[in-house]
Amino acid sequence: SLIFIHVGCLGIFWVGWSWAAVSIALFLYFTRMFAITAFLHRYFSHRTFKTNRFFQFIFAVIASSAMQRGALWWAAHHRKHHKESDNETDVHSPHTHSFLWSHIGWIASPKNFATDYDAIRDFAKYPELVYLNRFNKIVPLLLGVFLYFLGDWVAGRWPGLETTGWQMVIWGFFISTTVLFHGTQTINSLAHIYGRRRFDTADHSKNNFWLALITLGEGWHNNHHHFQSSARNGFRWYQIDATYMILKLLSFVGIVWDLKPVPKHVVHRTAKADADLAQQETESSTAV
């Protein structure tokens, strides 16, 4: 499927481009990125907020259209990642494996296709999520069909927009999905190599402003690995976290609730503070 979406991008030489098609591609990139960052990551993987059964399914469907497998598969792997981050058993660490493996190789390897339902028992009790996880190619297929008919309809209704059904498929599905895939995978690869470490975590996670922009806040990766139980990855006001901002808006209308905050003592606990505390404890034990 990864080869399929990448090769499909070559269709751009056949269909060309239009502002309508590019706009749909951008809309689908950010909409699906939010479904991945807010729901696959912060909800299904870490349970940092609450929602009802209807909306957890709706956003799981939207995320499934990104062709990154089902919500249960995604969350099960991510939970294991936090337990084994940058260790030999971490399936996508760029430090114990190659950069290319951490970015794309691990997800393309058949040995990682299975879902560890024991790691995601809390959500595996919902049959609709299990079904969506098992037949995860259905939603992307339906999205492709929808985009074709959308483009064909727009072409007939507003010919001045100069789009077609196939152009909408190439831009809205193939290009948008491929860019989205690489955007999310940068957190597994680049965010463990480039950036700054505010907190002295046991792994190599780093904060990266540019990755935070393209992933709606996931680039504050060192923050997240320091305190994964918060719905917010950008701990400071200047750390832009679009996912959290949207979650706050959704909480105002009751779609989500009980967003777990970042405790103040966690925000202000830096690597230097950890080192000072360790030194104080050593000096205290020596004095005794």
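Modeller: A helix here is a DSSP run, H or I, of at least four residues, and helices are numbered from the N terminus. The model is predicted.

Biologist: Which helix supplies the largest share of the nonpolar patch?

Modeller: H11 does, with four residues. Helix H11 (209-214) and helix H13 (242-252) each supply at least two.

Biologist: What makes this a nonpolar surface patch, and which residues form it?

Modeller: Membership needs over 30% relative accessible area and no salt bridge, with nonpolar side chains joined within 5 Å. Phe 209, Trp 210, Leu 213, Ile 214, Ile 240, Met 245 and Ile 246 make the patch, which covers about 650 Å².

Biologist: Where is Ile 240 found, and why is Ile 240 called partly exposed?

Modeller: Ile 240 sits in the loop between helix H12 (221-226) and H13. Its relative accessibility is 37%. Buried means under 20% and exposed means over 50%, so Ile 240 counts as partly exposed.

Biologist: Why is Ala 124 also called partly exposed?

Modeller: The relative accessibility of Ala 124 is 23%. The limit for buried is under 20%, so Ala 124 counts as partly exposed. Ala 124 belongs to helix H7 (residues 121-124).

Biologist: How do you know where empty space is left?

Modeller: A probe the size of a water molecule is rolled over the atoms, which shows it. A cavity is a set of points where the probe fits but cannot get out. Counting those of 30 Å³ or more gives two cavities.

Biologist: What lines the largest cavity?

Modeller: The lining has 20 residues, and Trp 74, His 78, Thr 184, Gln 185 and Asn 188 lie nearest the centre. Two or more lining residues come from each of helix H3 (19-45), helix H5 (71-84), helix H6 (99-108) and helix H10 (165-185). H5 gives the most, five residues. The space in this largest cavity is about 260 Å³.

Biologist: How do the residues of that lining divide into nonpolar, polar and charged?

Modeller: Seven are nonpolar, twelve polar and one charged in the lining of the largest cavity.

Biologist: What makes up the lining of the second largest cavity?

Modeller: Ser 1, Met 67, Gln 68, Arg 69, Asn 136 and Lys 137 line it. Lys and Arg count as charged and Met as nonpolar, so the lining divides into one nonpolar, three polar and two charged residues. About 40 Å³ of space lies in the second largest cavity.

Definitions and conventions. Residues are numbered from 1 along each chain as its sequence is written. This is a predicted model: local features need pLDDT of at least 70, side-chain atom pairs count only at pLDDT 80 or more; totals for chains, interfaces and linings use all residues. Side-chain values use heavy atoms; hydrogens and water are left out. On a 1 Å grid over the protein atoms alone, a cavity is a set of points where a 1.4 Å probe fits but cannot get out, and a pocket is an open set with protein on both sides within 12 Å along at least five of seven lines; lining residues have an atom within 4 Å of a point. Grid points are joined across faces, edges and corners, and a volume is the space filled by probe spheres set on the points. Patches are made of residues with over 30% relative accessible area and no salt bridge: like charges are joined within 9 Å, nonpolar side chains (Val, Leu, Ile, Met, Phe, Trp, Tyr) within 5 Å. Accessible areas come from the Shrake-Rupley method with a 1.4 Å probe; for residues, only the protein chains shown count as cover. A salt bridge is a side-chain nitrogen of Lys or Arg within 4 Å of a carboxyl oxygen of Asp or Glu. Buried means under 20% relative accessible area, exposed over 50%, partly exposed in between (1.4 Å probe, protein chains only).
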